[in-house]
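Okay, thanks for coming, everyone. Let me put the model up and walk you through a few parts of it.

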Amino acid sequence: MSALSVAGDPHRPARKSSVDRRDFIRVCTLALAAVGIPFSAAAEIAQAVVKKKLKPSVIWLHFQECTGCTESLLRTSHPAVSELILDLVSLDYCETLLAAAGHQAEAVLKAAMKENAGKYVCVIEGAIPTKDDGIYCMIGGRTALEIVNDVAKDAGAIIAIGSCASWGGIPSADPNPTGATGAPMVLKGKTVVTIPGCPANPYNLLGTVLQYATYGTLPELDEKGRPKFAYGRTIHEHCPRRAHFDAGRFAERFGDEGHRLGYCLYKLGCKGPATHANCSTLHFGEVVDAWPIGLGHPCFGCTEQTLGFRVALHDTVDIERPTGPDTYPPIQARVGRVSPIATGVAGLVGGALLGAGVMASRKLDREPPDEVTGTGKES
Amino acid sequence: MGVNRRALLKSVVATGAAVAAGTAPAVARTRRTAPPDALGMLYDTTRCIGCKACVVACAQANDLTPDTDYFAGLYQAPTDLNGQTKNVIKLYSEGPRRSYVKAQCMHCVDPACTNACMLGALKKKEHGIVAYDASLCVGCRYCQMACPFNVPKFEWKKRAPKIVKCELCRHRSVGASLSTTGGFSRYPKGKGPACCEVCPREAVVYGTREELLGEARRRMKEYPDRYVPKIYGETDGGGTQVLYLSHVPFDKIGLPTLSDRAVPDQQRTIQHGIYQGFIAPIALYGVLGAVLWRNRRKSAVEGDAAEKGGES
Amino acid sequence: MSARSEALGGPIVTRPFRVLALLFGAGAALILWRLFAGLGATTALSDGYPWGLWIAFDVVTGTALACGGYAMAILVYVMNKGKYHPLVRSAILTSALGYTMAGMSVVLDLGRPWQVWKVPVYFWSWNLNSALLEVALCIMAYVGVLWIELSPAFLERWKNGPEGKLQSFSAKAYRIINRYLIWIIALGMLLPTMHQSSLGSLILLTGPKLHPLWQTPILPLLFLISCIAMGYAAVVFESSLSTLFFHRRRDTEMLAGLSTAMLPVLGAFLLLRIGDLLVRGKLGLAFVPNRFAAAFWLEIALTVAPLFLLAGREARRAPGNLFRAAMLMMLAGGLYRFNTYLVAYRPGDDIHYFPTVPEFVITVGLVALEIIGYVVIVKLFPILSGGAPVEVPVRSRRER
């Protein structure tokens, strides 16, 4: 069961079960800090793990995915994935990292499910095809539909990581030939935590898993099952380039002056104003500014089903929950403009009328003088 | 003809006398004062940091739709009050001199807009607040012409447009009562003007006009070098219920220089002078009728009647 | 009196009629668009300039140009100059049409026109301080009075027509109206006195927003005087055009007399205008080189020019000259009104207004409708007087 190996981590060799307490607390603290749970909880986690031997079992399913979310997880260091899977959770089944294969792997899955029934965390990565009874993704002779329904049945918590598992992701883009869909749509009636993103930010997953591991509860979710601590704001509401947006400084074309000065990318099609995610504060790959806008490309809304892989990359979007910007009108602003066309028309009409009047008066001039005086005399 | 000329002259003099008589009492013009429970606001430019929380709070409290015109290339950045903006912060910047200024209805003691409005859609209601009732509004926009502060704005884009302006959040204070807090008459939180409640620096505060005047005078006394030595709105244009203290000249921050005479006073005096009790019109009508009656015997009207009498 | 009114007769649908109908058609289409799309979409009106072409021209200038009936009534019925009587009916017709068009423009300009019925009805809500209320009620009443004053022309034709309900009704109504005609005419003089001066009071309320070269307590008086001058000028204008287009007898003698009457009115206006500026110490502003001074001097020039044109007795007998003087007077009065309501109204720096093409087209369309109305009514009903068309004696032509 513990025949697990880890993809080579040069900084931290794989360790076995004995844990240095101080290191362990440090790991927990770092993990908690990343996702906003107070540091005091570190002691609680340590207690939980050591005393209650509470290392929740995690069963990680892969379906129509690119494994990007797993790869993203592998690049964390707070904690490193090695610390995660060795010290904090028990990753009992994960096709990417599993040393075993074939029937052995299937046996591992079955055993883990049986041993931890009702308590294991089911993590789903990848979309689930539903067309033609879901034959477009089959593992070990079973369709993804069958697998997910089977595993989710006795899970203590279900987490869908990545946009594919959350709502269908890339496989679900038009024309969606396989009927790819997200886990919540398949597992109707069950609480599915969704962590959308392409890839998802691994710390969002870590925070959720750690909370479950420590307190047995899930974080507060929105109506789409997304943890509010990560998806409660749009990118726009916490974007480092927001001041540029408010001041009206935009990049108009890639490589222009504005783009080089790091101006707002809204006009280039940034979906930030309509995309709920926390990429702006939690960058990827442990590298500062390693996220689309930080690198100079507009956000494309990968977490949102209505935007990611649906709306053209460089189409602009409406702003959700707009608020007053940080700029000031002058004491007297310019109002109205004089239209040259209207002026021209007015001039023409006025001139025509005046001209007509002058012509009429000339005509009256040419009339012969009255021979007979007007009718007034007869009064 | 000569007789008639005399008659006309007599009638003109008579009418003129009536008009003059009508004007006489109005010449001693009455100055309207603020009601004793008049509520107002005091805005201090030296305290404002331009955070615009008041702009946002006003939009939320009044359920205003966001301004989506790209003024100056920006989103929801009104350049002035408009059909979706009842409160705005503007910036005065000239060399080293800078000041923010909050712009909204001044709730004048004797407003030009209420004087202009045909059916009283704009009217001073409780606490002297200048309130708007769309059911009496025909959208003539005379109030916009009349207001010296250019406050009332019109919903030009709507098919059933209304006049839009600050009403001191009177819709929030329905049923609530004032109590004295820290020297000011205040409603419970959430019932008073939203801008005042949200201001983080108390740059704009509300209370009765008397309390605010007292506070303004206190500040000017305590910091004589800080302010321009005048409380704008104390007597300007007949007095306003929204008062301003500023560290830069008032005309620079968009507050027009007005005399102490109420803005509508001159027009009202003339109007009343002429139409007082409708005496002059009726008198004139009587005179005209009398003259025509006299002339009736002359050929003009006779010929008229003969002609009308209908030769076929 | 030998000069009696008769229907002009002749075909209704002529080429000019078709042109006017086309213009009105264009205007009508844009009116529909304005009603559908709202003011913001069709006009250049803004919070900076809430009143624009339709108020300044259609209402304020239009009603002044339609003061022909008022001016003629003063001359004929009060000053008892019966010889001008033949001009009265057509003047009343022009007034009735002009005020009706102004009324239509007002309703078009209103943002919430479905509530306009409340203005005359909700007397408990009346704000008696409002000059606009006075203008509105007065104009509403005056339009009615004008059409009643004009009704004898219609009733004459109908009561002399074939037997029937219309004929008997017309005969009865004719008698009733004639009996009270004096009081109707008197009302037709009271009402314009009231509202034309109130049009001046209206803009008086804008206080400091009106440039001091125009802002004065005597605005009501100035508006009243200028409207009388414009009324006479309109009568000369309309009568001259009738002569040209309908080949009616020339009323040169009467028009000369009218023009003579205009001179003291113009003089009074100039005196009051300049005198007022002197008394208030604002005349100096007319010499500051800016657009206000330019507008002021243009106004003065247009007002003074007719005085020169009409200086001599012979000059007052030349039809072309009379017509030009009348045009100048109408322009002078119109410019005065445009200046007070638009040019001299300064809500702030950097605020601009110029009417849009739809605003112009609608105005032109309504004027076209007015002209159509005039032409149709004078052809069908006894409005114009002057008997047979002008027959120039052959002798005088050959002798030239």
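This is a predicted model: local features need pLDDT of at least 70, side-chain atom pairs count only at pLDDT 80 or more; totals for chains, interfaces and linings use all residues.

Strands themselves are DSSP runs of E with at least two residues, helices are runs of H or I with at least four, and both are numbered from the N terminus.

Now, A:I59 stands opposite A:C122 in β3(A).

Residues are numbered from 1 along each chain as its sequence is written, with chains lettered from A and ligands numbered from 1 in the order in which they are written.

Back to chain A. What is the strand order in the open sheet? It goes β2-β1-β3-β7-β9, five strands with parallel pairing. β2 (90–94) and β9 (192–195) have a single partner strand each, so one side of each has no neighbour in the sheet. On average, neighbouring strands are turned by 20° against each other, direction ignored; axes here are lines fitted to C-alpha atoms, for helices over the stretch in contact, and angles run from 0 to 180 degrees between N-to-C directions.

Over to chain C. Helices α5 (residues 85–109) and α13 (residues 357–380) pack at about 150°, axes 10 Å apart. That makes α5(C) roughly antiparallel to α13(C), a label for angles over 145 degrees. Among the residues that meet there are C:L93 and C:L97 from α5(C), and C:L366 and C:L369 from α13(C); contact means C-beta atoms, placed from the backbone, within 7 Å.

How many residues does each chain bring to the contact between C and B? Chain C gives 58 and chain B gives 61. On the chain C side, α8(C) gives the most, with twelve residues. That side divides into 34 nonpolar, 18 polar and six charged. For the classes, Ala, Val, Leu, Ile, Met, Phe, Trp, Tyr, Cys and Pro are nonpolar, Asp, Glu, Lys and Arg are charged, and the others, Gly among them, are polar.

Last, chain B: nine helices and eleven strands. Among contacts there with a separation of 6 or more, 62% join residues 24 or more positions apart.

Note on methods. Two residues are in contact if their C-beta atoms, placed from the backbone, lie within 7 Å. Two strands pair if DSSP finds at least two bridges between them. Angles under 35 degrees count as roughly parallel, over 145 as roughly antiparallel, 65 to 115 as roughly perpendicular and the rest as oblique.
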